[in-house]
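Hi,

Here is the structure I said I'd pass on.

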2 protein chains.
Amino acid sequence: MVQPVHDVVGLGSAIVDIIARCDDGFIEAQGLTKGTMRLIDAEEATRLYAEMGPAIEVSGGTVPNSCVGVASFGGKAGFMGKTAKDPFGEIFAHDLRAAGVTFNTPPTQGSAPTARCLILVTPDGERTMNTFLGAAAELSSNELDPALIGDASHLYLEGYSFDGPQAKAAFYEAATIAREAGTIVSLTLSDPFCVERHREAFLDFIRGSVDLLFANQSEVLSLYQTDDLTAACARLRTDCALAAVTCSEKGSVIVTPGDLIEIPAEPVARVLDTTGAGDLYAAGFLFGRARGLDLRVCGRLASIAAAEVISHIGPRPETSLAALARAQGLI
Amino acid sequence: MVQPVHDVVGLGSAIVDIIARCDDGFIEAQGLTKGTMRLIDAEEATRLYAEMGPAIEVSGGTVPNSCVGVASFGGKAGFMGKTAKDPFGEIFAHDLRAAGVTFNTPPTQGSAPTARCLILVTPDGERTMNTFLGAAAELSSNELDPALIGDASHLYLEGYSFDGPQAKAAFYEAATIAREAGTIVSLTLSDPFCVERHREAFLDFIRGSVDLLFANQSEVLSLYQTDDLTAACARLRTDCALAAVTCSEKGSVIVTPGDLIEIPAEPVARVLDTTGAGDLYAAGFLFGRARGLDLRVCGRLASIAAAEVISHIGPRPETSLAALARAQGLI
């Protein structure tokens, strides 16, 4: 068998995060729902930014964060997503390439700026996200790279793509290319409100096309409109060959038609910022799967990566995940 | 006596920092001198950025960092400096105002972008800076706010201003306004290479116009072209009524014509990034002086602020300096 060129190729939103700390009162005063993501327009982005405290800017985006995580494990990752020709677009492209991720999507020619996500981090480390999609919504099917997808072990998609009609079409097209090429299709549900917005389309897509699903507890409960996780996992078993459900500090559960494997969370001295926790969990799991590792090892790699990213501000690893995994004898 | 409106009003470069970690080999391969600042042009900024690893963007600049520090102690600070009408300019202005610092200088109408400083942080926490001044060099005397300067307790200037002819003229003009209004004039020497470039002008200015001088050990040795710190401090005593000389982990010395006061460094569990250490030292000292506190207390406040900023990535405090000072019974 020929070794795939990339372990993971991702398609999703190219975003720069603007991260500020705030107290719970600010979240409440702004009428936000802590721990979730909402879409905002340019005007609301300007208004909210003016209200926010001093911030840092750092490249983000669910799928790009996961791709950087795969690279940090020593894997090969590629990303397809749309930036604009502006300073934030340059920052995004630089940080992705500097992390070793293949990124060749040209910036838009349009006037929409590179996507930004205003992230508010409360003292408990929880993040509340406000995303202005801008140029990220403009990725079209024409700009997919079929060779990149076809030569990868795993394609990785995000539910957020359903929030832009053009991005959604590209999402479906990428999955079709992957299936025809024998590339494994994986998906993250992204956010409980995103599931709420696109439940039926997600269920159809999962049943028909997804080989590996990532979701957190809230998302999978929203998907099946239940508050019983056991019932939701039972539904998952019939809908999907493999799923990983994360439950924050309680760890995660790997769900297969024949098995439920519980993976403990990796201990963290202090949770500073949960931004990127799910993204990095997916990174570890995808890297493990692409390298043919045992499901339990995949879960451990996922937990290690998630623990690293929540122990500091920012959604991408600051430590070599390969070194952390080696220290535990996992790779 | 009427209480001054601002404790500190600063004049200097408005800069956004782009901070990446690197190893010592990278500093060597790039031919850089660790721990110093060099000026670069737009072309070199593009070249070096492409070579750097993944980065974070965060507002910086010596004087703005100090102003934010003063505000974090509960003081009132104002800043005058030039940005461009671009995303980095917006970031800079937002972060300064969100920290409570008065900032009313309009952005340039020109084509030079907002200044950026490419900062490389080695595993020992030392920072090596590469500054593209862009719009920051365009502050002109016309844009100074005499009322702001005149109503302040302290004016705070940076040696870096001497690197731009227009900024240098504004620097002299600000000092003249301050002296005429009875505002105390303080100066930081900025960098040993900056002292090298402007030694005679600095000495003239210090002797004629500076009430309070900030310098680190390398800068004061460069100023007097000696490798004997005792000799340099003896010279300082005749040139300046009050100086604070920082010596990294060895603490600092407050130099007056009649006294030498040693201030211990505040213990730090782990030095992550020394960017802003001198700036925050000056913040604590200036806040203390503006509030009429004893010199030893000023030194302690300075040390606390420096210790806070080197314990994390980025040049501005992440913790309330007022709270840290209160915890030690200093304010």
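Start with β10(A): A:Ile184, A:Ser186 and A:Thr188 point one way from the strand, A:Val185 and A:Leu187 point the other way, and all are buried (20 or more other C-beta atoms within 10 Å of a residue's own, with C-beta atoms placed from the backbone). That is 5 of the 5 residues of β10(A), 184-188, so the strand is largely enclosed by the rest of the structure.

Before I go on, this is a predicted model: local features need pLDDT of at least 70, side-chain atom pairs count only at pLDDT 80 or more, and totals for chains, interfaces and linings use all residues. Residues are numbered from 1 along each chain as its sequence is written, while chains are lettered from A and ligands numbered from 1 in the order in which they are written.

What flanks β10(A)? On one pairing, 5 bridges join it to β9(A) (residues 152-158), running parallel, with A:Ile184 as the bridge partner of A:His154. It also pairs in the parallel sense with β11(A) (residues 212-216) over 3 bridges (pairing takes at least two DSSP bridges), and there A:Leu187 partners A:Leu213. The chain crosses from β10(A) through α7(A) (residues 192-209) to β11(A) in a right-handed β-α-β crossover (clockwise from the first strand over the helix to the second, with the strands pointing away from the viewer). β9(A), α6(A) (residues 165-181) and β10(A) make a right-handed β-α-β unit too.

Cheers

Methods. Buried ≥ 20, exposed ≤ 12 C-beta atoms within 10 Å, placed from the backbone. Helix = DSSP H or I, 4+ residues; strand = E, 2+ residues; numbered from the N terminus.
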